[in-house]
Amino acid sequence: MHEVSIALGMVDELFRIAKDNHAKKITLVKLKIGKMSGIVTDSLKFAFDAVKLEHHLLSGAEILIEEVPLVYECNDCHASFNAEDIYFPACSECGSRNLKLVSGEEQNIESVEVET
Ligand SMILES: [Zn+2]
């Protein structure tokens, strides 16, 4: 499962953040995951919940995942819109396929709350 390695990578980053902040415990982690990132958010949550139990620093942390919709801006008419079709998106206003991706590829840690 792809999401396990992503969770492990994020755990490494969380430990770095905790160390930089001299944290005793991580209490809350907010993640931003784009619809286009290829990550299944339910699987990521599941992987995180499994991985965090192995680490005292993280075991009590609540994991919140915000799914970021896929948003494009049209280069022709400058409309921005949420794309439902991730493979062949077209402008909802003019039908153009000349598009710029605005959001939807995120896979990052948005914020972390710690106990020091
Ligand atoms: Zn357009």
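Helices (H or I, at least four residues) and strands (E, at least two) are DSSP runs, numbered from the N terminus. Please keep in mind that this is a predicted model, where local features need pLDDT of at least 70, side-chain atom pairs count only at pLDDT 80 or more, and totals for chains, interfaces and linings use all residues. Residues are numbered from 1 along each chain as its sequence is written.

Is Glu-62 buried or exposed? Glu-62 is exposed, because 11 other C-beta atoms lie within 10 Å. The cut-offs behind these words are simple: a residue is buried if 20 or more other C-beta atoms lie within 10 Å of its own, exposed if 12 or fewer, and partly exposed in between, with C-beta atoms placed from the backbone. Leaving out residues up to four places away in sequence, Glu-62 touches Thr-27 and Leu-28; contact here has C-beta atoms, placed from the backbone, within 7 Å. Phe-48 is 14 residues away from Glu-62 in sequence, and their C-alpha atoms are 9.8 Å apart in space.

Now for the sheet. Strand β2 belongs to an open sheet of 3 strands, in the order β2-β1-β6 and with mixed pairing; two strands pair if DSSP finds at least two bridges between them. Both β2 and β6 (107-115) stand at the edges with a single partner strand each, so one side of each has no neighbour in the sheet. From one strand to the next, the twist averages 15 degrees. Strands β1 and β6 run antiparallel and are joined by 8 bridges. Leu-28, for example, has Glu-113 as its bridge partner in β6.

Two helices pack on this sheet. Helix α1 touches β1 and β6, and its direction makes about 40 degrees with that of β6. Helix α2 touches β1 and β2, with its direction at about 160 degrees to that of β2. Axes are lines fitted to C-alpha atoms, for helices over the stretch in contact, and angles run from 0 to 180 degrees between N-to-C directions.
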